Amino acid sequence: MPDNHPGPHGDIEELLARHEQVAQAVVLPREDPATGGPGTVAYVLPTAESADGPEAGAQAQVQEWQQIYDRVYAASSAAGFGENFSGWNSSYDGRPIDLDEMRGWRAATVDRIRALEPRRILEIGVGSGLLLARLAPDCEVYWATDVSATAIDELSRHVTADPRLADRVVLRAQSADRVDGLPTGYFDTVVINSVTQCFPNGEYLTTVIERALDCLAPGGVFFIGDNRDLRTLDDFHTAVALRRTDAADPAAVTRAMEKSRARDEELLVHPDYFAALAALDPKVAAVDVQLEGGDFHNEMTRHRFDVVLYRAPVETVDVSGCATLRWGSDIDDLRRLTARLAEADLPVRVTGIPNARIVGECGARDALAEGDVHLARQDLGRLTASAVDPHALVRIADKTGLHLALVPSPERRDCFEAVFSRPASARTALVGAYRSSPAAAVRTQVPAATHRSRRLAGRLHAWLREQLPEDLVPTAVLTVDRLPLRPDAGIDR
C-alpha cells in the first residue's frame with residue numbers, strides 16, 4: 001500500500017523516487033549537525049539494480065585499500081626495516097597506539113607462528129615486513145605478496161641489502177586472491193596477519209583461504225591472525241562513542257554508536273565462520289581458534305582472535321569430551337586453579353571465565369541498551385571482581401609446563417574458556433578446543449555493501465544539488481535496506 005501521508009517534503013521524495021536507482025524515499029526534518037539549525041535527511045531505499053554488483057563492489061574496495069596502503073608506505077619509508085607501525089591508530093581517540101603495545105602485539109604473533117616450526121613460509125599481505133623481518137632469517141624460504149606495489153618495492157630494497165634474506169625471500173605484488181606464480185603444495189606454513197579486515201566480504205575471504213590452502217603441502221598449517229571479532233561489534237563501537245562524546249542523553253550516545261558502526265568498512269568475522277569452513281573443506285583436518293595474544297589491553301586484544309587451519313593429514317588430540325571446571329562454582333581464583341590442575345586428569349576445560357579485557361565494554365553496551373549512560377561510562381573502565389586477564393593463564397601454563405588454548409566462550413561474549421593439556425608436537429592439532437556457538441546465524445559483516453551504499457548516497461546527493469535550489473537540498477542522503485512500516489503497510493515516519 002502506498003504511503004498516503006507524504007509529509008511536507010513530498011516534492012523532494014517524488015523527485016528522488018523518479019531516479020532510476022531509487023525504489024522509495026522518505027525526507028524528514030533533522031537538525032543540521034554543521035550549523036545546529038533546521039535541516040532535512042533523505043532516507044533512500046535503493047533498487048535491486050542500483051548497486052554496482054558484488055564483484056565490482058568487492059574489487060572497488062580492494063583497490064581503495066591498495067591506494068590507502070600505497071600512501072601509507074610511501075609516506076613512512078624512513079622507518080627502520082620491520083619497525084614501521086605507522087597507520088596503527090586507536091579507534092578510541094585517533095592517536096597512534098602505544099609503540100610498546102604494538103611491539104608486544106607483534107611479538108605475540110611471531111611467537112605463535114614460531115611455535116608451528118615453519119621452514120617454508122608464504123605470507124599474504126606482507127605490508128611493511130613486520131613479521132618477515134623477524135621470521136625470514138630462520139626459514140629456508142620466505143615468499144611474500146602484497147596488494148601494494150609500493151610496499152613490495154620498499155621491502156625489496158631492504159631484502160636486497162641483507163645477505164641473510166637476499167637468497168631466501170621472494171616478493172610479489174599481487175592481490176590476496178591471486179595465486180598465479182606461487183608454487184602449489186610447496187609451503188609448510190601460510191600466514192595472513194591483520195589483513196582479513198581489509199577484505200570486501202566473506203566470499204572473498206573464502207576464496208583467499210581455498211586458494212592459499214592449495215599452496216600448502218600436506219600436513220601444513222595456515223595461520224590467519226588478528227581477525228576482527230563480529231561478536232563484539234556493538235561493544236566496540238559503544239566504547240568508541242562513549243570515549244568520543246560527553247553526551248548524557250542515551251539516544252545521543254546510541255546515535256553516535258550507530259554512526260561509528262555505519263562508518264566501519266572493515267570485514268568482521270565470527271569465529272564460527274572458520275569452524276564451518278573447516279567442516280566443509282576436506283583439505284582441513286582441524287581448526288584452532290584462540291584469543292589474540294598479548295599482556296596488554298587495547299582494541300586489538302579485546303576484539304580480535306587468531307586461527308590456525310591444519311591441512312590434512314595431521315596428528316590430532318580430541319579434547320571435546322574432556323573434564324570441565326566451571327569458573328565461579330568449581331573454582332573462583334587462579335590459586336585454586338593452579339592447585340586443581342596439579343591433581344586433574346588432563347586435558348581439562350575451564351568454562352565461563354570473565355574476560356578482564358572486555359567485560360567493561362560489554363557491560364557498557366548492555367547499560368546503554370537499558371538507557372543508562374552514567375552506568376555505561378562507569379562500566380567502561382571497571383572490572384568485576386572475578387574478571388581474569390587471559391595472560392594470567394598463560395603464565396600458569398608456562399609455570400606448569402602445560403599446553404594452553406584460550407578460546408572464545410560459545411555462550412557469552414564477555415567470557416572465555418581455557419583448555420589445559422599435555423604438550424604435544426608443534427604440528428599436533430587440538431580438536432574440539434573451540435566450541436561453536438549455537439546462536440551464530442551471521443558469520444561475517446559485509447563492508448563492501450556499506451561501501452557501495454555510501455557511493456550511491458554521494459551520487460544522489462550530488463544529483464539533488466543539480467535539481468533543487470540550495471535551500472531545499474537535504475543535509476544528508478542515507479541509504480537503508482528497508483523502510484519501517486505501520487500495521488497498515490504505510491511508511492512509519
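Select Asp234 and Arg365 to begin: their side chains meet in a salt bridge, with 3.8 Å from N to O. (A salt bridge is a side-chain nitrogen of Lys or Arg within 4 Å of a carboxyl oxygen of Asp or Glu.) Asp234 lies in helix α8 (residues 233-244) and Arg365 in helix α13 (residues 359-369), so this pair ties together parts 131 residues apart in sequence. Helices (H or I, at least four residues) and strands (E, at least two) are DSSP runs, numbered from the N terminus. Asp234 counts as partly exposed, at 25% relative accessibility. Here buried means under 20% relative accessible area, exposed over 50%, and partly exposed in between (1.4 Å probe, protein chains only).

A word about what is on your screen: this is a predicted model, where local features need pLDDT of at least 70, side-chain atom pairs count only at pLDDT 80 or more, and totals for chains, interfaces and linings use all residues. Residues are numbered from 1 along each chain as its sequence is written, and side-chain values use heavy atoms, leaving out hydrogens and water.

Asp366 is partly exposed at 41%, and Arg413 is partly exposed at 27%.

Next, go to helix α12 (residues 334-343) and select Arg340 and Glu343, which are 3 residues apart, about one helical turn. Their closest N and O atoms are 3.8 Å apart, in a salt bridge. Is Glu343 buried or exposed? Glu343 counts as exposed, at 60%, while Arg340 is partly exposed at 31%.

Finally, select Glu83, Arg103, Arg106 and Arg134 together to see a network of salt bridges. The whole structure holds 30 salt bridges.
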